[in-house]
Amino acid sequence: MHKRPALLSPWGIYAALALAVLAPWLPRGYILTLDMVFTPHLRMPASVTSSYLLRVLLHVLNLALPSDVIQKLLLFAILLLMGVGMYRLVRYQAPRKSGTGVAQTVGMYFAGTLYMINPFTYDRLMAGQYSVLFGYALLPWLARALLNFLERPAGRTAVVLAAWLAAIGVVSIHTLGMALLLMAAGIWLALWRRRNQDEYLPKLLCFALLTLAVFLAASSYWLVPLVLGKSATADTIASIGSGDRAAFATVDRGMVGRLGNVLRLQGFWLEARGMYTLPQAYSRAWGLIALLVWVLVAMGAVSYWRSGRRMLVVLFGSAGVLAIFLAVGIANGWLSAHVPFFAGYREPQKFVALLALVYCVFAARGAAVVVELWTLHGGRFGRTAALITMLALPVVYTPVMLWGCNRQLHPVQYPADWFAMNNRLKAIAGNSQTLFLPWHLYMSYGFTGRIIASPAPQFFDVPILAGDNPEFGGAAAVGSSAQRRLGEIMPRAGSDANLAAELAVLHVQYVLLAKDDDFARYGYLDHTPGLTRVMSSATLELYRNDTHEYQP
């Protein structure tokens, strides 16, 4: 039997596509953007959260590999898993007798490409939310395991499904909620559809409980503290209020505008801040391209329905409708108040991940139908035109994602004096706290050229107190008691003669000022009683707190 070359396999095809995105980022250096802040040392996590195992794995890998290499391997793996996962999902559920093999194959590759290259993945990549993308990448793998379980409920399929569910919990707790919604819908629909099959119902329920038990056992290390309200995640969820939901709401004017954005796989709150180029800036016909995607989705759903795959249409169709409902933000305030842990979705547009999954499942069949029709009416020329159109459409839909997001991001290095300052602090700071200024969670640094979360707590090998306020609308600061206290002190620090003493109470022996963003407004540090500048470099200044009240 002739074996297909590895490079022409889904793994080879999607590896090449992933490299088409990442190639400009491969030289040494870090890709730093908003929430994606890798530093030379990937430390052991300070607290046990759902992502604890992922953080431990990255720390262990960092013992052998530089962290910038790990970052790029991680991004490559995420993109590759997106494409292959969706390809395998479509191949698993495709109608066995529905046209030519070529048409179905085109549909599979179309779906994998669209799942990897679309406005949602582009938004999240530009925002550096690799955990969200990791969970999104595993979603089609779980969906395939779910379909297999519903068709053949057994111990093996139950454990495999639980394993994918637990894996999603490790990489993205937000995607876990979407996975649970999809599973609940699938099990309920299977019970209803086969309600007259006496042997199937108890088997499905029994092994569904096994899936739940295995998942709970595997995730107990972070679920138990969360349920008991004794974890960092629980504290974060408890702190989220109406101000956070308003700051991170799906963007556009009015309900109709938000709905339109969600249907285009957009609406991410960062889009309104002009921090990167949107796909529609590349083509005046971009709205028409989005419309073509919708047409393929509708064609695919109708084709599945007519071919007898109605369970599939109802499952993914209902998941899509629910995703739209939640992503638009309808009743999210009520859900946050009455549904446990739903408040953690302060940014509802994340549910577009589930909608993208639904789009790709249906659009795959729609693309296959187009190939079949064009082949029927246009012969070899029609088939060639259909192949080119279908495989190019996802790229045309989001062209800005290719080649390092059109080189909007590029590898950078931390300044040399950051490393020198780190060595100095390790020698003199001991276990004391070092206050890092400017007091912002997000700000622009000269070596990044864009806004990122503060890298200081992870970069420096001493305890660092950095800003914790997102400063986005009414979003609340989430940090330690010392950070909350500093949030009260810093706004009036310039006129506070007792600043050094107040810092001493918080065990702050050193103040480290980065010469970036609005650092000039901290010139008062040179005149504050009790503070002495002890080191100055190209991008940093270090002050010692000489107040006698300091207790190491």
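Because the model is predicted, local features need pLDDT of at least 70 and side-chain atom pairs count only at pLDDT 80 or more, while totals for chains, interfaces and linings use all residues. Residues are numbered from 1 along each chain as its sequence is written, and side-chain values use heavy atoms, with hydrogens and water left out.

**Stop 1: helix H18**

Select residues 416-428, which make up helix H18. Helices (H or I, at least four residues) and strands (E, at least two) are DSSP runs, numbered from the N terminus. The expected span of a helix is 1.5 Å times one less than its number of residues.

Now colour Asp 417, Trp 418, Met 421, Asn 422 and Leu 425, the buried residues of H18. Buried means under 20% relative accessible area, exposed over 50%, and partly exposed in between (1.4 Å probe, protein chains only). On the face turned away from the buried side, select the exposed residues Ala 416 and Ala 427.

Next, show what covers the buried residues: this includes strand S1 (433-437), helix H19 (456-459) and strand S5 (508-514). After H18 comes Gly 430, whose phi is positive, near 60°.

**Stop 2: the nonpolar cores**

A nonpolar core is a set of buried Ala, Val, Leu, Ile, Met, Phe, Trp, Tyr and Cys residues joined through side-chain atoms within 4.5 Å. The largest has 171 residues, and those with the most contacts inside it are Phe 316, Leu 357, Phe 436 and Phe 460. Helix H16 (residues 352-397) gives the largest share of this core, 21 residues. Another core, of 21 residues, lies apart from it and has Ala 482, Met 490, Leu 499 and Leu 513 among its members.

Zoom in on Phe 436. Leaving aside neighbours within four places in sequence, its contacts (heavy atoms within 4.5 Å) include Trp 418, Tyr 445, Phe 460 and Leu 512.

**Stop 3: aromatic pairs**

The structure holds 31 aromatic pairs. Rings of Phe, Tyr and Trp (its six-membered ring) pair if their centres lie within 6.5 Å; planes under 30 degrees apart count as stacked, over 60 as edge-to-face and the rest as tilted.

Select Trp 269 and Phe 472: the ring centres are 4.9 Å apart and the planes at 50°, so the pair is tilted. Trp 269 lies in the loop between helix H12 (254-263) and helix H13 (286-306), and Phe 472 in the loop between strand S4 (464-465) and helix H20 (481-489), so the pair ties together parts 203 residues apart in sequence. Both Trp 269 and Phe 472 are buried.

**Stop 4: two cysteines**

How many disulfides does the structure hold? It holds 0; a disulfide is a pair of cysteine sulfur atoms within 2.5 Å. Cys 360 is buried, with a relative accessible area of 2%, and Cys 405 counts as buried at 0% relative accessibility.
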